[in-house]
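Please open the model in a viewer and keep the selection panel at hand. The stops below proceed from nonpolar cores to a helix and then to charged pairs.

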Amino acid sequence: MAYFTKSEARAAAARTRRVQKSFGMESADILLDSAKTANTTDSFDVFLSHSIADAEIVLGIKQLLEDSGLKVYVDWVQDTQMDRQHVTKETAAILRQRMRQSKSLIYLSSGNSSSSKWMPWELGYFDGFKPDGVAIMPVLDSSTDTFQGQEYLGLYPIVQRNTYRDGTPDVLVEERGVRWSTLKRFGSGQPVWGKYS
């Protein structure tokens, strides 16, 4: 098994910006256009819980998840009007609504996530709302690094790469040694759990 890396996320973010510019749009224009199309009835496969300090990595991971066919919610993309610097009832209400519109939550674990005001709250809310719909996605310096997240993150399955016996690569959501599902099935809210024997 292998984890996603920061350099891979940054490369995906750079690729996204190149494509946007080739269409004559700046990144800010793309984000505003995306925000205009989001509304209160949208459905998302993944609510991406993250630290704003990881903005470039978040943009890349969003792209990698979308490359897998998942529709991803990132607050500063869809809801640009929110002020995440301050904890307010209005911001909390918007985030709760967006989590209810999402089929799963992926908690992007990085060096900055432990200092986030919102991530633990998002994780707890979503876990109470949809207990089997939370996964942790470590983004590390190397794909073979050991993941040592905050202790409570050990309660949830981990997103990582694996290769089937026939050599086919895939991204899986694995509950350490117990069960696994594909990221695509997990993100769509319909995981089919395989059991380890």
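Begin by selecting L48, I61, L65, I106, L108, V159 and L183, the residues with the most contacts inside the largest nonpolar core, which has 25 residues. A nonpolar core here is a set of buried Ala, Val, Leu, Ile, Met, Phe, Trp, Tyr and Cys residues joined through side-chain atoms within 4.5 Å; buried means under 20% relative accessible area, exposed over 50%, and partly exposed in between (1.4 Å probe, protein chains only). The model is predicted: local features need pLDDT of at least 70 and side-chain atom pairs count only at pLDDT 80 or more, whereas totals for chains, interfaces and linings use all residues. Residues are numbered from 1 along each chain as its sequence is written, and side-chain values use heavy atoms, with hydrogens and water left out.

Next, colour the elements that give two or more residues to this core: helix 1, strand 2, helix 3 (55–67), strand 4, strand 5, strand 7 (169–175) and helix 7 (183–187). Helices (H or I, at least four residues) and strands (E, at least two) are DSSP runs, numbered from the N terminus. Helix 3 supplies the largest share of the core, 5 residues.

Centre the view on V159. Leaving aside residues up to four places away in sequence, its contacts (heavy atoms within 4.5 Å) include Y3, F4, I106, V171 and L183. A second, separate core of 21 residues includes Y73, M82, L123 and F126.

Now select helix 6 (residues 119–129), whose buried residues are M119, E122, L123 and F126. These residues lie on the same side of helix 6, because they cover an arc of only 100° around the axis, taken from the directions from the helix axis to the C-beta atoms. They pack against strand 2 (44–49), helix 5, strand 4 (102–109) and strand 5.

- D79 and R98 form a salt bridge at 2.9 Å, N to O. D79 lies in the loop between helix 4 (75–78) and helix 5 (89–100) and R98 in helix 5, so the pair ties together parts 19 residues apart in sequence. D79 is buried at 7% relative accessible area, and R98 is buried at 4%.
- D141 and K6 form a salt bridge at 3.3 Å, N to O. D141 is exposed, with a relative accessible area of 60%.
- E175 and R179 form a salt bridge at 2.7 Å, N to O. Salt bridges that share partners join D132, E175 and R179 into one network.

Note on methods
Salt bridge = Lys/Arg side-chain N within 4 Å of Asp/Glu carboxyl O.
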